[in-house]
Every structure is written in C-alpha cells, then in structure tokens.
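Trainee: Could you show me how to read the features of this model, one at a time?

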Amino acid sequence: MARIIIDPITRLEGHGRIDIFLDEQGKVENSYFQIPELRGFEQFCMGRMAEEMPVITNRICGVCPEAHHLAATKALDALFGAEPTAVAKKLREILYMAFFVTDHTTHFYALGGPDFIVGPDAPASERNILGVVRKVGVEIAGDIIACRKRNQGIIAFLGGKSVHPVAGVPGGWSRVITAEERVQIEDTARKNIDFARFSLSLFEKLVMNNPLYRELITSDLYLHRTYSMGTVDGATQANFYDGMIRVVDPEGGEFALYPPAEYREHIAERVEAWSYLKYPYLKKVGWRGFTDGIDSGVYCATPLSRLNVSEGLATPLAQAEYERLYESFGCRKVTAHRYAPIHHRLATHWARLIELLYASERMLELAQDREITSPETRTIPERALFVGEGIGSVEAPRGTLTHHYKTDERGVLTMVNMIVGTTNNYAPISMSIKRAAEKLITCGAPDEAILNRVEMAFRLYDPCLSCATHFLPGKMPLTVSIRDSQGALLREMGRNR
Amino acid sequence: MTKATVIIGMGNPLLSDDGVGSVVARAVAQRLTRRTNLSVIELHTGGIRLMEAMVGFQRALVVDAMVSGAPPGTVHRFDPRSFVTTKNTFSSHDTDFATACTLGRMAGLALPEQVAFWGIEGREFELFGERLSDEVAAAVPGCVALMVGQIGAWEGMV
C-alpha cells in the first residue's frame with residue numbers, strides 16, 4: 001500500500017476529507033476520515049468572566065447554538081452553585097425541543113431523506129431537498145418551511161434573540177413568557193406533532209415498505225456492534241435537556257450510569273499520529289483500535305444510540321413508534337421496557353424521526369403546564385455557594401455535548417474543555433466509512449452510485465463540520481479521494497457532487 | 001411595515017477573518033443610521049437559513065468571507081445568477097443558497113427581487129479571535145462604500 005501522507009493542503013483548505021486507499025487487487029486497504037481542528041479556543045476564553053460563556057460558545061457552531069447555549073448555562077449553574085428554578089428548567093427545555101424539531105426536520109428532508117426518498121442511485125443533481133419535494137409533492141416545501149418558521153419564532157422570543165440565544169443565566173432564564181406566548185408554544189407543539197407523524201408515515205411508506213431500501217438498511221453493510229450512549233431521566237428514559245449519562249453494551253446490558261460531571265472517569269481520548277482528531281472511548285473498556293464488539297471502548301452517541309439506552313420513551317405516540325422500530329428489527333426485550341440495541345446504522349434516520357415526534361410531544365407537555373408563565377425564572381447566585389468549577393451537558397442532535405469550566409475566586413475562567421456531539425462519533429464514523437468502502441469497492445475505481453453509498457455511511461451521522469469547515473468556491477466541504485496501491489489518485493469527488 | 005432592504009453579514013465573529021461579514025454589515029448600518037427602511041442581520045450559517053433571512057425584503061445585500069486563492073483583502077462581487085459560493089452561504093447540514101431559494105419559491109415565500117453578494121478574501125480561519133488580519137481589515141471601508149453605493153443605486157437615493 002502506498003504510504004499515507006497527510007497533505008498540508010487539507011489543513012489550508014480546511015474541509016473534511018476521506019481518503020480511501022486500494023491495494024493491488026483494487027480492494028480497500030484502508031480509509032481515513034479527517035476534519036481540520038480550530039485553534040486557540042481555550043486561550044480565547046481564558047481571562048474572561050465565566051458568565052460570558054453561553055453567548056461565546058453559542059458562536060462556536062452556527063448549526064446548534066442552542067445546544068452550546070444550554071450546556072454552557074448548565075455549567076454555570078454548577079459553577080455558581082445556583083440551582084435553577086423549576087420554571088427556568090421548563091423554559092430551557094421548551095426552547096430546546098423547538099430546536100430539536102427544527103434540526104431533525106431539516107436533516108431528514110434536506111440531507112438524510114433524499115438518499116431514500118429520491119434514491120441512493122439517483123444522480124446527485126436530483127438527490128437533494130428539491131428532489132424530495134418533486135417526489136412527495138409541492139406542499140411539503142411549504143410544510144418544511146412552516147415548521148422551521150414556527151419553531152424559530154419560539155426560539156427567538158424564548159431565547160431573547162433570533163439566531164443565537166442569550167436568555168441563559170446562571171441559576172435560571174432571563175426571559176419570562178406571557179399567557180399568549182404559552183398558547184403560541186402549545187399551538188406550535190401540536191402542529192409539530194402532526195408534522196412528525198406525517199414524516200414517520202412518509203418514512204414507512206417510501207422507505208421501509210420498499211424492499212430494496214429495507215434490505216439496504218438491514219444489511220450488514222452499515223452494521224457496527226458498539227456501545228451506545230445517551231442521557232436519561234429519573235425513569236431511565238431519554239431526555240435531551242437533562243439527566244444521567246447511560247451507556248449500554250452491544251448486547252444491551254447496562255454498562256454505566258453516571259452524572260455528566262463524572263465524564264472524565266468514563267471517557268478518555270485517543271490520539272492518532274495521522275489525525276488532528278481525538279477519538280473519545282470508554283476508559284473502563286479501553287482502546288482496542290477502530291473495531292467494534294464488547295471488548296472495544298468505541299461508543300456511539302446518536303439518535304439511535306439514545307433510543308438504545310432508553311427504557312422506552314416518555315410520550316405515548318413516540319413510545320408506539322419506538323416499539324415499532326425495535327419490533328421491525330426483530331429485537332428481543334432485554335428489560336421490561338427496553339429492547340436489545342439496533343446496530344444497523346442506517347436505522348439512525350428512523351430513530352431521528354422518532355426523536356422528532358418525542359420532542360414535539362414533550363414540547364406540548366411542557367407548554368400545557370400553566371406554571372411556565374410564572375415570573376420565578378431565576379435563582380440568584382449567592383457568594384457562599386460559589387463553586388468555581390462546573391460541568392454542563394445536554395444531548396445535542398448529533399450526540400452528547402459536555403462543557404467543563406474552571407474559574408478563579410472572581411469567576412474568571414482558568415480552564416475550558418468541551419466534548420462536542422460529533423466528536424463522540426469520530427471513531428464510529430471512521431469505522432462506518434471503512435466498512436462500507438470495503439464491502440462496496442472490490443475492484444478498483446468505483447462509480448458514483450457506489451461512492452454515494454459510501455457517503456451514506458458518513459451522512460447518517462450528520463457530522464457537524466460546519467464550525468470546522470472552510471472550502472474553496474464551488475467546492476463542497478467533504479472530499480472523497482480514492483487512491484491506488486501506488487498512491488495515485490483514481491477518483492475524487494465532493495459531497496453532493 | 002416591511003423594511004425594504006436587508007444587509008446580511010455572514011460568518012463567525014469569533015473566528016478571525018470569518019468575522020469580516022459581521023464587521024462590514026455593522027459598518028454599513030452605521031453609515032446609514034438615519035434610514036428606517038434598513039435591517040441588518042448577522043448570520044452564521046447559509047443554505048435555508050440565509051434564504052429565510054431575506055423573506056419579505058425587496059432587496060438583500062450579503063457580505064461574507066471567502067477563500068478563493070486571491071490575495072487576502074480582495075473584494076469579490078457576485079450576482080446570484082453567476083453565484084459561486086462564499087465561505088458561509090452553503091450549509092453542510094442542508095443545502096446551497098440557490099437550492100434554498102428554489103425551495104423558498106416552491107413554498108410561496110416572497111424573496112427579494114434584487115440580491116447582491118460580496119466576498120472578502122480572508123487569511124486566517126482556524127484561530128479563535130476577534131481580530132481581522134491587517135489586509136482584511138484594510139478592505140473593510142472599500143467594501144462598505146461599494147455596498148452603500150449599491151443601496152443608493154437600487155433606491156435612487158442616499
């Protein structure tokens with residue numbers, strides 16, 4: 001095999017990149033997934049007041065500012081020793097559900113769905129959101145836009161600003177809502193439920209009822225038996241805003257259940273010489289390389305993982321869909337309420353839609369609570385309770401997000417650490433790409449349909465490169481290169497091209 | 001009443017030269033403070049969100065950082081018809097700006113009739129910081145003048 005050289009141009013161009021190396025027989029020898037690393041974030045934060053973090057970190061990523069805003073605010077609750085009021089927690093969670101609905105909807109219709117609704121072998125020019133609209137009907141364009149609009153409206157008034165929320169403060173929330181706004185949230189949640197149900201019915205009709213797609217999803221092409229991670233509430237059911245971190249092993253046994261503040265006892269990071277990325281793994285299992293199974297510390301934190309660790313879902317319609325998903329995969333029950341994990345990674349798309357329904361129903365539950373219009377949205381921090389260190393965590397759409405800060409006695413930052421959602425999945429993403437490539441590329445340079453199926457292994461995670469992505473005009477932020485045994489470039493393609 | 005013109009500054013203001021779009025947009029707004037028919041939006045991501053930000057306006061001016069290989073500080077002007085993507089106008093989580101606009105029209109949204117883009121070539125995009133590179137900072141007044149001029153040309157005033 002040709003020696004692997006990490007081209008410094010990767011770093012300059014800054015886009016994500018997958019290199020697939022073939023052997024002399026034209027089979028896959030190895031593959032590498034790379035994204036650039038941004039520098040200087042910790043230095044940027046040092047010396048600032050800790051309470052600036054919710055508005056600084058929500059600028060890290062334009063895709064999930066809400067997730068960073070809430071993880072940062074929760075880290076501040078702990079740092080200032082100020083337990084938020086019940087009303088504040090509910091308002092935060094409502095904002096977060098509106099964000100989840102927007103994000104999951106957009107992913108399904110614009111990114112994940114086209115591979116199935118339009119087809120994995122369709123030309124790239126048709127395999128996009130417009131292709132979905134042509135297939136499903138023009139009304140869906142309006143429905144998607146309306147869904148985004150009504151939820152962005154909630155985020156704007158609840159978060160205090162249209163794109164990057166500012167309402168999170170240590171011990172609470174700086175925005176009080178009116179009775180009219182509560183009604184608007186309730187109305188939005190009801191519409192979200194209808195839209196989520198419609199989206200699930202579409203998935204069933206166009207994807208699961210299509211034998212070819214069902215076979216693709218249930219084949220071993222996109223299969224990895226790793227540990228699963230997610231946040232669970234007091235009833236050990238999935239919650240996106242708050243709870244304990246639960247990890248289950250590949251067979252479905254509970255491996256760990258811990259408060260997010262103990263993340264360092266459970267998660268370590270592997271450094272590989274060929275990559276800027278750090279690969280998190282389960283410390284108590286250990287790193288055994290890019291491999292799956294119960295002896296490998298590789299874990300996954302995705303919509304599917306969150307369902308895998310959950311004792312069912314707390315809302316009725318989502319619960320029914322959850323059961324349908326696991327029954328459809330023939331999973332046996334491992335507890336009274338939970339099934340053995342699904343490891344077919346393309347099922348993540350289905351899981352994401354079930355989460356969309358759960359988030360919609362949860363939003364309705366919270367909106368029907370009259371207490372949310374109470375002005376009791378803040379616990380004022382007290383000097384005597386100041387801790388000087390705080391860890392905050394939420395489930396971002398793309399995985400568990402953890403913020404960790406330390407300050408001096410004045411509240412000036414001295415340490416900042418983060419594990420962002422996508423980071424959890426670096427090793428699984430690398431493994432999924434490699435497996436799909438190995439199975440699909442068997443005799444030299446593949447055609448576009450094959451390469452798209454390799455990319456589908458990547459796309460199902462919806463990795464967030466946007467905060468770490470720069471690209472040349474006209475180029476997409478992901479390049480896939482196929483090289484022969486001498487290292488010569490056989491094919492190169494950009495994402496969605 | 002709907003404001004007629006929107007200025008959209010794109011990029012991350014905490015990521016060195018990626019913040020130039022925000023800097024320019026704020027400066028244009030400052031030059032035109034007495035105008036009441038002008039809105040300024042700072043936006044981090046493109047694609048559908050950029051299209052949504054323009055809804056209801058008659059005219060839109062977008063300014064963003066760029067990496068095309070030209071010397072840092074070079075100001076590029078684009079027409080949406082011959083549009084090459086600038087740094088943040090595409091969203092890796094949904095789609096490019098042109099596709100987003102087609103989607104918006106399918107959904108019956110009122111999109112501006114006049115749209116113009118400016119891209120300012122940057123140097124540093126991987127370092128957190130609020131400082132622009134010298135060449136990029138030096139390009140800001142020129143870009144502001146071009147955009148103010150464009151608004152004047154469109155509206156026949158200023």
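**Helices and sheet of chain B**

Mentor: Helix α1(B) passes α4(B) in a right-handed crossing. A crossing is right-handed if the near helix is turned clockwise from the far one by less than a right angle, and left-handed if anticlockwise. The model is predicted, with local features requiring pLDDT of at least 70 and side-chain atom pairs pLDDT 80 or more, while totals for chains, interfaces and linings use all residues. Residues are numbered from 1 along each chain as its sequence is written, and chains are lettered from A and ligands numbered from 1 in the order in which they are written.

Trainee: At roughly what angle do the axes of α1 and α4 of chain B cross?

Mentor: Two packed helices are described by the angle between their axes and the distance between the axes. Here α1 (residues 20-31) and α4 (residues 134-155) of chain B cross at roughly 45°, and their axes come within 9 Å. Axes are lines fitted to C-alpha atoms, for helices over the stretch in contact, and angles run from 0 to 180 degrees between N-to-C directions. Helices (H or I, at least four residues) and strands (E, at least two) are DSSP runs, numbered from the N terminus. The helices α1(B) and α4(B) are therefore oblique to each other. Under 35 degrees counts as roughly parallel, over 145 as roughly antiparallel, 65 to 115 as roughly perpendicular and the rest as oblique.

Trainee: Which residues make the contact between α1(B) and α4(B)?

Mentor: On α1(B) they are B:V20, B:V23, B:V24, B:A27, B:V28 and B:R31, and on α4(B) they are B:V136, B:V140, B:C143, B:V144, B:M147 and B:V148. Two residues are in contact if their C-beta atoms, placed from the backbone, lie within 7 Å. By class, the contact of α1(B) with α4(B) has 11 nonpolar residues, no polar ones and one charged. Ala, Val, Leu, Ile, Met, Phe, Trp, Tyr, Cys and Pro count as nonpolar, Asp, Glu, Lys and Arg as charged, and the others, Gly among them, as polar.

Trainee: In what order do the five strands of the open sheet in chain B stand?

Mentor: Strands of a sheet pair through backbone hydrogen bonds, either parallel or antiparallel. In chain B the order is β2-β1-β3-β5-β4, and the pairing is mixed. Two strands pair if DSSP finds at least two bridges between them. At the edges are β2 (38-43) and β4 (75-78) of chain B, each pairing on one side only. The twist from one strand to the next averages 20°. Strands β3 (residues 59-66) and β5 (residues 114-121) of chain B are joined by eight bridges in the parallel sense, and B:L61 stands opposite B:A116 in β5(B).

Trainee: Which strands do α1(B) and α4(B) lie across?

Mentor: Helix α1(B) lies across β1 (5-10), β2, β3 and β5 of chain B, at about 150° to β1(B). Helix α4(B) lies across β1, β3, β4 and β5 of chain B, at about 170° to β5(B).

**Chain A**

Trainee: At what angle do α5 and α14 of chain A pack?

Mentor: Helices α5 (residues 86-112) and α14 (residues 347-367) of chain A pack at about 150°, with their axes 9 Å apart. That makes α5(A) roughly antiparallel to α14(A). The crossing of α5(A) past α14(A) is left-handed. Their contact includes A:M97 and A:V101 of α5(A), and A:L356 and A:A359 of α14(A). By class it has 12 nonpolar, six polar and five charged residues.

Trainee: How are α8 and α9 of chain A set?

Mentor: The axes of α8 (residues 139-159) and α9 of chain A come within 10 Å and cross at roughly 150°. They are therefore roughly antiparallel to each other, and α8(A) passes α9(A) in a left-handed crossing.

Trainee: Which strands make up the open sheet of three strands in chain A?

Mentor: The order is β11-β12-β13 (chain A), with antiparallel pairing. Strands β11 (389-396) and β13 (413-419) of chain A are at the edges, each with a single partner strand, so one side of each is left without a neighbour in the sheet. The twist averages 10° from one strand to the next. Strand β12 (residues 399-407) of chain A pairs with β13(A) over six bridges, and A:H403 stands opposite A:M418 in β13(A).

Trainee: Which domains does the assignment give for chain A?

Mentor: An automatic or database assignment sets the bounds. It gives domain 1 (8-36 + 425-494), domain 2 (83-219 + 347-380) and domain 3 (224-343) of chain A. The C-alpha centres of domain 2 and domain 3 of chain A lie 22 Å apart.
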